Amino acid sequence: MAKNVSELPLTSKLSRRSVLKGAAGAAAVGSLGGAFPMPALAEETTWTLANSLRSVANPYHATFAKGGEDFAKSIGARYEVLVTEGNSEKGIADIKALLQRTGGKLILNVDPNDSPDARVIVEEVQKAGGFVVTQWNKPDDLHPWDHNPNYVAHMSFDGVPTAEAIANELFKAFGGEGGIVALGGILSNVPAIERKLGLDNAIAKTNGKVTLLDFQPADWNEQKAFEITQAWITRFGDQIKGVFAANDGMGMGALEALRQNGLAGKVPVVGIDGIDAALAAIEAGEFAGTVAWDPLWTGGMGLAIPYAHVTGKIDITKEPKEHREFYGTGIIVTKDTVADYKANPPKVDFNDLWGKATGQIQYRS
Amino acid sequence: MAAIAVERGQMLGHWRRWAPVAVLLGLCLVVGLINPSFFSFGNAVRMLNTAAIPLVVCMGATFVILMGSIDLSVEGTIALCAVAASMLVTNDLTGVTIGLWSVPAAILLGGALGLLNGLVHVKLRIPSFMATLGIGFAGIGIATAILGGVMVRIADTDFRNWLSLGRLFGIPAAVWIAGIAVLAAWVIQERTRIGRWIYAIGTDEQTARNSGIPVERTRILIFGVAGLFYGLAGALSAAQIGRGHALIAQDRLFTAITAVVVGGTALSGGVGSVLNSVIGVFIVIVLANGMVLMGIEPYVQKGVQGILIIAAVALALDRSRLDVVK
Amino acid sequence: MSVPVLEIRGVSKSFPGVKALDDVSFAIARGEVVGLIGENGAGKSTLLKILNGVYQPDSGEILVDGRSVSVASPRQAFDSGIAMVFQEQSILPTLTVAENIFLGREEEFIRFGLISRSRMHAAAAEELRKVHLDIDPGMRCADLAFAARQMVEIAKALSLNSRIKGHVTILLDEPTSVLEQKEVDLLFRIIRDLRDRASFVFISHRLEEVLDISDRVYVMRDGKVVKELSARSASVKDLHQLMVGRQLHHEYYREARQVPPSPAVVLAAEGLSRHGAFHDVSFDLHEGEVLGIAGVVGSGREDLARCLAGHRRPDSGTLHIAGAAVRFAAPHEAAGAGVGLVPAERKVEGLVAPFSVAENMTLAALPRFVSHGAIRFAAELGVARDWIERLKIKTPSPDTMVGSLSGGNQQKVVLAKWRIAGVRVLILDHPTRGIDVGAKEDVYDLIRDMTAEGLAVILLGDTLEEVIGLSSRILVMRDGAITARLDAPPGGKPRQVDILRHMV
């Protein structure tokens, strides 16, 4: 959500900008800004920071937006949130409008609605002279180092080891032997494919002790997960020793289906994302675990790294590739660690730019 | 005196009215033959439980569609009512607790949103799909704004037991409530003036007007009645998953319209019934349940679903008398 | 005459661009049947709709029993003792007979908010008895034959009689246009039976009927009442003349212009059958011929016409056009082979109402007006102007929406469409249904023009008289089979009884 401007210590400069706008129009401001750089004193705060994401109606992105806000506050900069509502055109149009409005002095941390959008966004930002970090989705052949210096970095999480790790937590919860059922995301979605791959790896490593009774895509939808799990209970009955869900939302749907049949707490469920409801379910012994992505960190760090570049703290073009395309760290939360995780939520240190990065992104296909 | 020829040859027409039932029975038979556990009591209960919320939603949607309009606000209305209900029972976000009174509160909120749909549609003369789409977005927007992206967790066991988890004669509470909703809808349809007027307006609005029916008022009222059902569905949704959030009703709209149409209610209005929609809901539910029970490849499921839905509509609609299909 | 039960004084009503009623005064006495005639567009329907509260007059007043009243809605009209049978059927097929009869007036059957179906059905059965219709009030009207629906509609209007104390007025806007003769007889008997309690206003294009049932007749022309006369002293010919304001042609059906058919066969059907509709139908159609097909509703002639035009597919049999065997899967294939259908329901099937006159005219021949993928609007307009001229179509311009034209002019647009498409065989299904006398004569002229140019016409006439008058040969159908083939040369026309014998 766009913060009210008056809350930020920018009032005087903003009003000067608006005078300029009134005189020459927004487009003219852009060209002026390019031709006559503002004095150094203005440099720190004339940059606008923005996070672009799908919708603040989902907990992951709401926290992601909050991370960006935290960083913006820490440096006293103006901060905006753009939402795509799942619409690529809207997402790109909003970014263009903001580039126009800020005269290109924009630091953007974007979770593109769809992979191809990333290229358009990067090109637009580069043309306007802004800086951008992308999250999760981008074409495999689009790399930050090919768009120096404006395309600062791409951050993602490796779904394969994450899913493998959380699947192992599930197996542990029911004794390591028996059948499981698995709920996947939208079939064509990259994280969905990676998480399925991780699950398959984990099952393969049990040497037949754990079998996959059935896999169904529930399209990240809680309700659909509920319905599919109901049908599984009919089909497999007590053969089901555990439920793997590729995200927490579907895991919650599965859990409620189990509850309707008196199985909540008896058949363990795992999910991925680390939403509050999943943490509560872990505490109640109904979930065997989840993976917390730390969206506060991705939301904030996607702005902190480019900001460090524009303020001269680092020169991004001189950073190694594992600082330009890197995985973040997922935190496995289980019954043993949930209390600690909730008591001490991961801290974000905006000065430790790559402290939580875990290696350069690998391309599998 | 046998004055004039009164009836027209209609054997096929009468048969068609039963086509959705035939489709449902055929579907049950196929699934049951491949996986006999389909016919177990446990599975019947689980399917009824899955059908409960779609049934309640479809009761409202059917009225609107019978009238020749469409209501796309389903998801927004349900979401807002679900969020409201979960914030009015014991929860982890607000201190307000009115227990089961949250149910009538959610129903009335739904009714109010429905009336708003009707007023915008009728008074501002905006096509119903636009008016309701707007109100639906607003509903999701308000729910999002209230929650700011978080979820409300319900800690009120009474609320969850009375609306979802509790059982009477082995049947979950949600199913009983859905049954009552269907009964209420059927009485409204068959035994009230409004019910008759829905058909009259859906068939021919001008004739309805000529017959002295207050068409505008009736339209607004029907959207309100539909909203009452969505409100109830909202409360049931919150109770079912024990949480309220803005995306709680995702995909409900599509399921509802599919069920109504598959049940044999025409989108053009005037033809169909809430009982048709009951059959339609079960066709959709049995289909989804059956796909999993029969172990059909996920990649194939959507195609099979699409083909069967088209087949069901083809059987139910008397297209022979339609020279023009829109 | 004592105080009229219903009277209007100096009523005017304008619609954008049209003065529909101009200072009309009109009165109905107790127990009287008043005929109201005039060409389409003369203002009859507008007048009735004002009496029924559908339209509000711009000026003038309505009096019931001598008291000025305001009739703001059909409901108010009903409460003042005025009910109407609409020209466009207003029976809703999705409701039951009883629900239709009491639509909008259910409150008398409501107890505790719910409708008592048994009481409603009992009351409906009572109303149905009055029109001698022996059907279950719980039956859906979709399952009723067309004529039976009309009787339900009449029962609905007559139900006023038992709902309202005192005298009532029932407005009948062309109630007979879809009824067969014995149903018309029944309706008239009912009207006469009810005269001690009800007055009637009766509109019909069948002037014989108007004279038969009415006491007095008002003749309207161009929104004005031009004549009021006693039915006993008037003749059909007088009425015709008053309506059109000119002397009728000596020969109504233009028999003198009937050309002897050429020996060239343009369409030949052999052993055509369609299950449940008609069987083993064979005939030849010659150039320049009008082939009439006579038969009652259900004789199979409508289905036959639709098969010939590709709207339906026959199950067996062969069809030759100009010697070549054809098999139509769709209307456009028939059109391509030179066969066009002018359907009875022109609003539904013959015209695209929101399109302009010109667009409708070129619809069936559009490829001719397209070059490099674009429509040549100038060429389209030119052709349209030409045909508007030739067919004397009354339209402000070729760009006028066709839906706003009168019925007769719409029919001419449909005819022009097929002429432009260059058809060789034109099937006319009730081409003069619901259009007025003047326009009818124009259509008859057009038919003669077409045959003179060598077109062949298959005619399903509105009345038997029309079929006899226009056709060169007549096929009679009964129960899906041809029962007679009669020649009808000018001066040697068969009599109606000769044909009726084979029809029923």
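Visitor: Which strands of chain C does helix 1 lie across?

Guide: First, a caution: this is a predicted model. Helix 1 of chain C covers residues 44–51. It lies across strand 3, strand 6, strand 9 (168–173), strand 10 (198–203) and strand 11 of chain C. Against strand 9 of chain C, helix 1 runs at about 150°.

Visitor: In what order do the strands of that open sheet in chain C stand?

Guide: Start with the general idea. Strands of a sheet pair through backbone hydrogen bonds, either parallel or antiparallel. Here the order is 6-9-10-3-11-12 in chain C, and the pairing is mixed. The sheet is open and has 6 strands.

Visitor: Which strands stand at the edges of this sheet in chain C?

Guide: Strand 6 (82–85) and strand 12 (224–230) of chain C do. Each has a single partner strand, so one side of each has no neighbour in the sheet. From one strand to the next, the twist averages 20°.

Visitor: How many bridges join strand 3 and strand 11 of chain C?

Guide: There are 5 bridges, and the two strands run parallel. Strand 3 of chain C spans residues 33–38, and strand 11 of chain C spans residues 216–221. For one facing pair, look at I37(C), which stands opposite V219(C) in strand 11 of chain C.

Visitor: Now chain A. How many helices and strands does chain A have?

Guide: Chain A has 13 helices and 12 strands. Of its 365 residues, 50% count as buried. Take the contacts in chain A between residues at least 6 apart in sequence: 75% of these join residues at least 24 apart.

Visitor: In what order do the 6 strands of the open sheet in chain A stand?

Guide: The order is 7-6-8-9-10-12 in chain A, with mixed pairing. Its edge strands are strand 7 and strand 12 (331–334) of chain A, and each pairs on one side only.

Visitor: In which sense do strand 10 and strand 12 of chain A pair, parallel or antiparallel?

Guide: They pair in the antiparallel sense, over 4 bridges. Strand 10 of chain A holds residues 287–292. A292(A) stands opposite I331(A) in strand 12 of chain A.

Visitor: Which residues of chain A does a cis peptide bond join?

Guide: It joins N148(A) and P149(A), with omega about -10°. P149(A) lies in the loop between strand 4 (131–135) and strand 5 (151–156) of chain A.

Visitor: On to helices. At what angle do helix 4 and helix 6 of chain B cross?

Guide: Two packed helices are described by the angle between their axes and the distance between the axes. In chain B, the axes of helix 4 (residues 74–88) and helix 6 (residues 128–147) cross at roughly 30° and come within 6 Å. Angles under 35 degrees count as roughly parallel. Helix 4 of chain B and helix 6 of chain B are therefore roughly parallel. Their crossing is left-handed.

Visitor: Which residues of helix 4 of chain B meet helix 6 of chain B?

Guide: Among them are V74(B), A79(B), L80(B) and V83(B). On the helix 6 side of chain B, the residues include F137(B), I140(B) and L147(B). By class, this contact has 12 nonpolar, 4 polar and 1 charged.

Visitor: How many residues of helix 12 of chain B are buried?

Guide: 10 of the 11 are, so helix 12 (residues 252–262) of chain B is largely enclosed by the rest of the structure. The buried residues include R252(B), L253(B) and V262(B). Just after helix 12 of chain B, G264(B) takes a positive phi of about 105°.

Visitor: Which residue has a positive phi of about 75° although it is not a glycine?

Guide: That is D251(B). Find D251(B) in the loop between strand 4 (243–244) and helix 12 of chain B. With 14 other C-beta atoms within 10 Å, D251(B) is partly exposed. H430(C) also has a positive phi without being a glycine, of about 50°. H430(C) sits in the loop between strand 21 (425–429) and helix 15 (437–452) of chain C. H430(C) is buried, with 22 other C-beta atoms within 10 Å.

Visitor: Last, the chain contacts. How many residues of chain A are in contact with chain B?

Guide: 30 residues of chain A are in contact with 31 residues of chain B. Helix 9 of chain A gives the most to its side, with 11 residues. The side of chain A that touches chain B has 13 nonpolar, 9 polar and 8 charged residues. Between chain B and chain C, the contact takes 25 residues from chain B and 34 residues from chain C. Helix 9 of chain B supplies the largest share of the chain B side, 5 residues.

Terms used
Residues are numbered from 1 along each chain as its sequence is written. Chains are lettered from A and ligands numbered from 1 in the order in which they are written. This is a predicted model: local features need pLDDT of at least 70, side-chain atom pairs count only at pLDDT 80 or more; totals for chains, interfaces and linings use all residues. Axes are lines fitted to C-alpha atoms, for helices over the stretch in contact, and angles run from 0 to 180 degrees between N-to-C directions. Angles under 35 degrees count as roughly parallel, over 145 as roughly antiparallel, 65 to 115 as roughly perpendicular and the rest as oblique. A crossing is left-handed if the near helix is turned anticlockwise from the far one by less than a right angle, and right-handed if clockwise. Two residues are in contact if their C-beta atoms, placed from the backbone, lie within 7 Å. Ala, Val, Leu, Ile, Met, Phe, Trp, Tyr, Cys and Pro count as nonpolar, Asp, Glu, Lys and Arg as charged, and the others, Gly among them, as polar. A residue is buried if 20 or more other C-beta atoms lie within 10 Å of its own, exposed if 12 or fewer, and partly exposed in between; C-beta atoms are placed from the backbone. Two strands pair if DSSP finds at least two bridges between them.
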